[in-house]
Amino acid sequence: MTKYLARRASIFCLTAPFLIGCFSKKNDESMIGIKDETITEKVDSLLSKMSLEEKVGQMNQYSDFWDVTGPPPKEGVAKDKLEDLKEGLVGSILNINSTEEARKLQKIAVEDTRLGIPLIMGYDVIHGHKTLAPIPLAEAASWDLEAIEKSARIAAIEASASGINWTFAPMVDISRDPRWGRVMEGAGEDPFLGSKIAKARIKGFQGDDLSKNNTIAACAKHFAAYGFSEAGRDYNPVDIGNSTLHNLVLPPFKAAVDSGVKTLMNSFNELNGIPATGSKYLQRDILKGKWGFDGFVVSDWASISEMVDWGHAEDNRDAARIAAIAGSDMDMEGYAYVNELAKLVKDGVIKEEIIDDAVRRILTVKFELGLFDDPYRYCDPVNEKENIGKKEHHDAVLDVAKKSIVLLKNENNLLPLKKQGQKIALIGPLANDKNSSLGSWRLGSDDNTAVSVLEGLQNYKGNEILFEEGIDLFIGETDFRKEIVVNTTDNSKIKNAIATAKKADVVIMVLGEHGFQSGEGRSRTELDLPGLQQELLEEVYKVNKNIVLVLNNGRPLTIEWADKNIPCIVEAWQLGSQSGNAIANVLYGDYNPSGKLPMTFPRNVGQIPIYYNYKNTGRPVENVPVFWSHYIDSENTPLYPFGHGLSYTTFEYKNLKVNSDKPTVNDSVKVTVDVQNTGDFDGKEVVQLYIRDLVGSITRPVKELKGFELISLKKGESKTVEFVLTKNELGFFDNNGDFIVEPGKFKVFVGGSSITKLEENFEIIE
Ligand code: NOJ
């Protein structure tokens, strides 16, 4: 093996002058002979050769000039900073998306700098790269961890073939506020489901071996509590208590760390008065201290320098000082570290060990990615050509897209559609749209490449499709970097839709939000159907009540009128490249829907935040006048609860059993339930288990998800599903962040949604 490595090294030295010990023209500090050392030894050896400025350079990340995913910095664009790159003052670049560009910049880093340290190239590969999968919230609705992992794997294969070796995903922020546009990027409101999905995504991105050229480093973001921004307004402060922090916000990050995630990104928000980027408590005490995280933390876009705007730092120098001491290892486009850190060390304000620790972490990930073995391993144009947009990638995203669809309501047997002899009116501004369903994170993909619903339905030949747009949703163009202008005045096309609907047996209406109406910087105060869509829906309903409403959206919407009046409602989110095919497969019953909501749908905006794992309050009682916890103008209950989702078949749950009614704190509790497919179709069901800890030193929610299993059942078939509850599921975090299990009475509930009533009891004894 050693012989082989030596031979390989000498061959590479002849052919590729960039390798360790021979890769830099200026690489006078030779690293020959460190090939057989451990990564730690290699990192230490390299670190000992670095000047302070070169170390700080590793902590500096610029955006490539051709694209930006945040406000342009006043320092100018990265292309004007090539000198910095040559001086070894840049450790990472984001927003490069081609092997050609990646190779060009990597070449400067490895050939023109003194030590030839390769760049790590980051990118927002959020739900696919060229081939797009459903937005993450949609994928979460599949509750299918295997499909989710596969989707991330494909994203990694395509991204790594485009010069990228680090994704800023998964976003593991729990959120209870659909006004916040970024709920589309996460896994919803629940920490248990969120933790499982975080693990699956990280596994998909990083694979089993990070040094392979088709795996990439993942980044769990945004640390921490970004999903709790006040009033759902992006970048707003977060003010939450310890119990929420430890029981809801942190668990998915901990799960990410436990599954070996290589990096974390901190967040734009302040948490209880301290910007997360400058929070020593979060980054040093919890993440790197208590959890032992040994990867590195990147800031969010300029979040270090934004501490000045927050009023937490006096100027960039002060911001750099606070962030470095707090444990932020890399500065994304903030220009605080590159301009200030070395001076801060020289002035004795920051100890060099802090810099060394950050650089050690960053170099370690670069070594683990194999960048020192071959800095161009992600820059192969042949690989790029062969591995992007392959048929098998489209098959996989179609598979997860079908699984992500949630059937919210299905009356009058309108669905599945009959395959022959029907006149179908297809109406709505999103029905023939090839762009919106690509979502708002599609930097590596091409606009207008999704399969539209019209195209998906046209693959089925037996029915006649009559298409009408009904209204224009927008005025002008829709763009990732621009504010969207919604049409609220021109309803002149509605009459065409009415005329078409009159002729049809069934009307399919595709309404919702454009992909660029959710995502970063896209908070909303109303969650209705934007623009004139509600008017369109009601006008069509007046002439034809056989409506299937297909929703395309990036967040829960308030569709109370539709729920009361429209017989069938299908939640189809933004499903990526294969959207229209997935929707058509489900509408025609070629895939029996199995998705379940990962986030509660409110009746109205006033109910927000609304979530399934609420506290009972001291006045939960209905049927007493006035003085109980309720609204005078709305029900407390959601429109659709967490975990809800129908199938074309029906499932019956019975024989819920707990193996012991008095387990001790150290015992595990076995719970079994029989599930039978009692309807007319084969189908899949997400069997969900919730607990309630009846009395707690810190009050416990009325229900908490603690297990789920996705099962397939043929028509008439039954299965016994077994769950095992251990300490991990039965305990919770106290206000110091310590995990405790308290003896006492518990309820356990099993069913097909969070409002299941099937329950059993047990009591944990000392
Ligand atoms: C800002 C976003 O908050 C973050 O999630 C993203 O990764 C960076 N911009 C880089 O584009």
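**View 1. Asp124 reaches an oxygen of the ligand.** A polar side-chain atom of Asp124 sits 2.4 Å from a ligand oxygen atom, which counts as a polar contact (a pair of N or O atoms within 3.5 Å). Arg182 does likewise at 2.6 Å, again from a polar side-chain atom to an oxygen atom of the ligand. For Lys221, the distance from a polar side-chain atom to a ligand oxygen atom is 2.8 Å. On its own, the ligand exposes 300 Å², and the protein buries 100% of that (accessible areas by the Shrake-Rupley method with a 1.4 Å probe). Keep in mind that this is a predicted model, where local features need pLDDT of at least 70, side-chain atom pairs count only at pLDDT 80 or more, and totals for chains, interfaces and linings use all residues. Residues are numbered from 1 along each chain as its sequence is written, and side-chain values use heavy atoms, with hydrogens and water left out.

**View 2. Helices H2 and H14 pack together.** H2 (residues 39-49) meets H14 (residues 352-368) at an angle of about 125 degrees, with the axes 9 Å apart. That makes the pair oblique, the label for whatever is left once angles under 35 degrees (roughly parallel), over 145 (roughly antiparallel) and 65 to 115 (roughly perpendicular) are taken out. The crossing of H2 and H14 is right-handed, meaning that the near helix is turned clockwise from the far one by less than a right angle. Helices here are DSSP runs of H or I with at least four residues, and strands are runs of E with at least two.

**View 3. Helices H16 and H21 pack together.** H16 (residues 391-404) and H21 (residues 579-587) pack at about 50 degrees, their axes 9 Å apart. They are therefore oblique to each other, and their crossing is right-handed.

View 4. Most peptide bonds are trans, and most residues other than glycine have a negative phi. Ala169 and Pro170 are joined by a cis peptide bond, with omega about 10 degrees; Pro170 is in the loop between strand E4 (166-167) and helix H8 (191-206). Another cis bond links Phe223 and Ala224, with omega about 5 degrees.

Conventions
A polar contact is a pair of N or O atoms within 3.5 Å; within protein, one must be able to donate a hydrogen and the other to accept it, and residues adjacent in sequence count only if both atoms are side-chain atoms. Axes are lines fitted to C-alpha atoms, for helices over the stretch in contact, and angles run from 0 to 180 degrees between N-to-C directions.
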